[in-house]
Amino acid sequence: MKLTFLGGTGTVTGSKYLLEHGGRKLMIDCGLFQGLKQLRLRNWEALPVDPSTVDAVVLTHAHLDHSGFLPRFCEGGFSGPVYTSQATRELCGLLLPDSGRLLEEEAEYANRHGFSKHHPALPLYTEEQARRALAALRTVALGQPFEPIPGVQVSLRKAGHLLGAASVHVAWGGRSILFSGDLGRQADLLMFPPDAPTPCDWLVMESTYGDRSHVETDALELLADVINRTAARGGVVVVPSFAVGRAQALMYALHLLREQHRIPDIPVFLNSPMATDATRIYEAHHAEHRLTAEQCEALRRTTRIVTSVDESKRLNTLRMPAVIISASGMASGGRVLHHLKAYAPDRRNSIVFAGYQAAGTRGAAMVAGAETVKIHGQHVPVRAEVACIDSMSAHADRKELLDWAAALPRAPRHVFVTHGEPVAADALRQALEERPGWTCSVPEYRDCVDLDAPA
Ligand SMILES: [Zn+2]
């Protein structure tokens with residue numbers, strides 16, 4: 001059996017793992033490279049596998065770094081089924097077309113302003129192509145084994161992290177391999193903790209926070225502090241947030257803080273049509289997260305949902321303290337850019353990041369203390385207070401990753417540490433080699449391993 005790493009190596013984006021055996025091919029995740037330009041360019045490179053020869057794809061979850069390459073893969077000739085959970089399918093229904101639309105807008109913008117070396121600049125895929133790709137999605141229940149290819153047993157296990165997110169266990173030709181997918185936290189506000197790992201011969205494990213433990217200070221406390229400081233200055237708190245998952249956790253956190261009178265009664269705006277739709281999907285899948293129907297209802301009551309473009313523009317001229325939650329989460333695009341342009345230059349305001357900021361994004365630059373950021377071709381000074389509440393991240397931290405792996409009933413033959421920046425991945429490799437004493441490696445982009453070869 002052969003395993004090829006087509007992404008999620010040296011970076012947290014572009015996850016794509018190809019398993020081949022007996023002339024059949026199964027791909028786990030089909031993610032988009034994001035962040036640094038040299039990574040994004042990989043989305044344009046020809047894959048070492050002809051998509052038309054891949055039998056099936058299994059998606060761990062809906063985040064674009066795991067699902068966002070699918071439309072391009074389908075355009076490239078893939079015509080098989082894509083298996084995933086029901087919630088992931090529904091969330092992909094929001095995320096993929098939106099991704100196509102953003103890619104089209106970017107290409108159009110580049111053409112209008114002559115930014116691109118290519119004439120005309122083309123989108124990686126269009127909204128229409130993304131909608132077509134959705135037709136390939138097939139849903140499977142968590143914990144129910146299925147056969148994407150005859151003789152190959154796959155089962156999805158709960159991974160926490162995001163609604164519908166799963167680890168993927170593949171049993172093929174008498175051997176087994178477990179893909180962790182992105183793992184969630186033990187005490188996430190919204191999601192339940194990940195299921196314990198199932199026994200496997202090989203483990204492909206994420207390492208987003210392989211080198212860091214989240215500060216144990218209560219995330220709600222940190223959020224309350226920054227809101228109170230900002231309100232006292234008469235400022236506005238801008239929270240760039242992923243529309244799916246993070247936005248709902250933030251709404252819930254703010255609802256709790258207000259109920260407990262830990263923050264003043266200032267308006268909370270949700271300015272992201274996708275977050276509004278995603279909130280509905282969360283409501284429809286109660287059994288899969290911690291919030292009851294009543295709590296979901298309460299969220300909607302206490303958040304002002306912005307629907308029109310005019311309303312969105314008016315948010316840039318607020319003269320009183322408020323919280324604005326808007327996408328995207330790493331400030332790489334979306335409506336939040338307009339809010340950052342309006343509020344970043346003023347010291348009274350705050351910008352609060354509530355999750356992982358990938359290298360090369362405006363979010364990472366601001367968290368690292370950048371004095372200006374470029375938005376829509378304009379240098380915008382950052383004088384507002386910038387905070388990053390890591391512990392609001394939906395990713396397990398170092399200790400949680402190690403605890404999850406340690407729950408394996410027997411040592412895997414080998415662990416491939418993926419989905420981390422190089423330092424994080426290597427730190428997790430070292431830790432796993434030290435404590436459980438497993439053999440591990442950090443694969444590189446396009447590495448191909450013969451799993452049957454003697455170690
Ligand atoms: Zn994810």
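Biologist: In which sense do strand 9 and strand 10 pair, and over how many bridges?
Modeller: First, a caution: this is a predicted model. Strand 9 and strand 10 (residues 175-179) pair in the antiparallel sense, over five bridges.

Biologist: Which residue is the bridge partner of Ala-171 in strand 10?
Modeller: Ser-176 is the partner of Ala-171 there.

Biologist: And how many residues sit between the strands in that hairpin?
Modeller: Two residues lie between strand 9 and strand 10. In this hairpin, Gly-173 takes a positive phi near 60°.

Biologist: What about strand 8 and strand 9, how do they pair?
Modeller: Strand 8 (residues 152-158) pairs with strand 9 in the antiparallel sense, over seven bridges. Within that pairing, Ser-155 of strand 8 has His-169 of strand 9 as its bridge partner.

Biologist: Is strand 9 mostly covered or mostly open?
Modeller: Mostly covered. Strand 9 runs over residues 166-172, and six of its seven residues are buried.

Biologist: New topic: the metal. Which protein donors does the zinc ion have?
Modeller: The donors are His-61 (NE2), His-63 (ND1), His-161 (NE2) and Asp-182 (OD). They lie 2.2 to 2.4 Å from the zinc ion.

Biologist: How are those donors spaced along the chain?
Modeller: The spacing of the zinc donors is H-x1-H-x97-H-x20-D.

Biologist: Are His-61 and His-63 buried or exposed?
Modeller: His-61 is buried, and His-63 is buried too.

Biologist: Let's move on. What is the strand order in the open sheet of six strands?
Modeller: The order is 14-13-15-12-16-19, with parallel pairing. The edges are strand 14 (304-305) and strand 19 (385-388), and each pairs on one side only.

Biologist: How many bridges join strand 13 to strand 14?
Modeller: Two bridges join strand 13 (residues 268-271) to strand 14, and the two run parallel. Leu-270 stands opposite Ile-305 of strand 14.

Biologist: Which strands does helix 7 touch?
Modeller: Helix 7 (residues 246-259) packs on the sheet and touches strand 12 (236-240), strand 13 and strand 15 (322-326). The directions of helix 7 and strand 15 make an angle of about 160°.

Biologist: Ala-253 is in helix 7. Why does Ala-253 count as buried?
Modeller: Ala-253 counts as buried because its relative accessibility is 0%, and the cut-off for buried is under 20%.

Biologist: What does Ala-253 touch, leaving out residues up to four places away in sequence?
Modeller: Ala-253 touches Leu-189, Leu-220, Leu-223 and Met-392. Its C-alpha atom is also 8.9 Å from that of Ala-219, 34 residues apart along the chain.

Biologist: Switching to helix 5: which of its residues are buried?
Modeller: In helix 5 (residues 127-134), the buried residues are Gln-129, Ala-130, Ala-133 and Leu-134.

Biologist: Why are they on the same side of helix 5?
Modeller: Because they cover an arc of only 150° around the axis. In general, an α-helix has 3.6 residues a turn, so residues three or four places apart point the same way.

Biologist: And what covers the buried residues of helix 5?
Modeller: The cover includes helix 3 (70-75), helix 4 (86-113) and strand 6 (137-139).

Biologist: Last one: where is Thr-361?
Modeller: Thr-361 is in the loop between strand 16 (350-353) and helix 12 (362-367). At 9% relative accessibility, Thr-361 counts as buried. Not counting residues up to four places away in sequence, Thr-361 touches Gly-35 and Met-330.

Note on methods
Residues numbered from 1 in each chain as written. Predicted model: local features only at pLDDT ≥ 70, side-chain atom pairs only at ≥ 80, totals over all residues. Heavy atoms only, no water. Buried < 20%, exposed > 50% of the residue type's maximum accessible area, 1.4 Å probe, protein only. Helix = DSSP H or I, 4+ residues; strand = E, 2+ residues; numbered from the N terminus. Pairing = 2+ DSSP bridges. Contact = heavy atoms within 4.5 Å. Axes fitted to C-alpha atoms, helices over the stretch in contact; angles between N-to-C directions. Donors = N, O, S within 2.8 Å, 3.2 Å for Na, K, Ca; no water. Arc of directions from axis to C-beta.
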